[in-house]
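Subject: Structure handover

Hello,

Here is the structure I promised to pass on. Please open it first, then read my notes below.

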Amino acid sequence: MKTVMFLNGPNANLYGLDPKGTYGTDSFPQIESACMARAEALGFKLHFRQSNHEGQLIDWIQEARQSCDGLLINAAGLTYTSIAILDALLAFDGPIIECHMSNIWKREPFRHHSFISKAATGVIAGLGVRGYLLGLSAMHELIAGDAA
């Protein structure tokens with residue numbers, strides 16, 4: 001069975017609690033549940049994790065090098081600042097999909113540059129939970145070798 005890791009960065013645990021609705025209304029546990037169900041339907045094992053700490057995310061990326069076939073990541077605010085996460089991702093040999101709940105290019109200018117994108121096979125942004133689920137489906141195809 002193929003194994004995939006989906007990492008979520010700082011404040012992702014607060015999804016659904018933002019009164020402005022920037023990240024939708026689904027709570028983080030609801031998002032995790034939907035992703036776990038999608039992964040099961042696709043036939044792969046999913047490690048779905050969240051941390052507010054850069055070093056923890058880096059440790060998990062390094063762990064994924066040994067145990068995972070693919071990696072999805074929403075580094076959240078660290079997307080725009082972390083060369084260390086980029087370096088860890090560049091050492092990962094499998095496909096990487098960068099996912100964002102919001103459309104980062106419609107937001108503040110500092111969000112228009114992602115360090116993560118340099119390591120990513122592809123990027124999905126602005127589709128909320130649908131983007132996470134599409135990311136899992138795309139990862140399934142990438143791992144199976146079906147995607148161009």
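First, a caution on the annotations: UniProt positions are given in the numbering used here, feature names are shortened, and annotations may be inferred rather than shown by experiment. Also keep in mind that this is a predicted model.

**Annotated sites**

The unreviewed UniProt entry has a "binding site" annotation that covers Asn74, Asp87, Met101, Ser102 and Arg111. I looked at two of these residues.

Asparagine 74 sits in strand β3. With a relative accessible area of 2%, asparagine 74 is buried. Leaving aside residues up to four places away in sequence, asparagine 74 touches Phe6, Leu7, Asn8, Gly9, Tyr15, Cys99, His100, Met101 and Tyr132.

Serine 102 is in the loop between β4 and β5. Serine 102 is buried too, with a relative accessible area of 8%.

The unreviewed UniProt entry also has an "active site" annotation, on Tyr23 and His100. These two span 78 residues in sequence, yet no two of their C-alpha atoms are more than 9.0 Å apart, so they gather at one spot.

Are tyrosine 23 and histidine 100 buried or exposed? Tyrosine 23 is partly exposed, with a relative accessible area of 24%. Histidine 100, at 4% relative accessibility, counts as buried. Tyrosine 23 belongs to the loop between β1 and α1. Histidine 100 belongs to strand β4. Not counting residues up to four places away in sequence, the contacts of histidine 100 are Asn74, Thr79, Tyr80, Ile124, Ala125, Gly126 and Leu127.

**Aromatic pairs**

Searching the whole structure gives 4 aromatic pairs. Here are two of them.

One joins phenylalanine 6 and tyrosine 132: the ring centres are 4.5 Å apart and the planes are at 35°, so the pair is tilted. Phenylalanine 6 lies in strand β1 and tyrosine 132 in helix α4, so this pair ties together parts that are 126 residues apart in sequence. Phenylalanine 6 and tyrosine 132 are both buried.

Another joins phenylalanine 28 and phenylalanine 48. Their ring centres are 5.4 Å apart and their planes are at 35°, so this pair is tilted. Phenylalanine 28 is in helix α1 and phenylalanine 48 in strand β2, so the parts tied together are 20 residues apart in sequence. At 10% relative accessibility, phenylalanine 28 counts as buried. Phenylalanine 48 also counts as buried, at 10% relative accessibility.

Phe6, Phe28, Phe48 and Tyr132 form one aromatic cluster.

Helix α4 covers residues 129-144. At 1.5 Å a residue, its 16 residues should span 22 Å; the end C-alpha atoms are 23 Å apart, which agrees. The buried residues in α4 are Val129, Gly131, Tyr132, Leu133, Gly135, Leu136 and Met139. What do the buried residues of α4 pack against? They pack against β1 (3-8), α1 (28-42), β2 (45-50), β3 (70-74), β4 (96-100) and β5 (122-125). Just after α4 comes glycine 145, with a positive phi of about 80°.

Helix α3 runs over residues 83-90, and its buried residues are Ile85, Leu86, Ala88 and Leu89. They cover an arc of only 165° around the axis, which puts them on the same side of α3. The cover over the buried residues of α3 includes α2 (54-67), β3 and β4.

Best wishes

Terms used: Residues numbered from 1 in each chain as written. Predicted model: local features only at pLDDT ≥ 70, side-chain atom pairs only at ≥ 80, totals over all residues. Heavy atoms only, no water. Helix = DSSP H or I, 4+ residues; strand = E, 2+ residues; numbered from the N terminus. Expected span 1.5 Å × (residues − 1). Buried < 20%, exposed > 50% of the residue type's maximum accessible area, 1.4 Å probe, protein only. Contact = heavy atoms within 4.5 Å. Phe/Tyr/Trp six-rings, centres within 6.5 Å; stacked < 30°, edge-to-face > 60°. Arc of directions from axis to C-beta.
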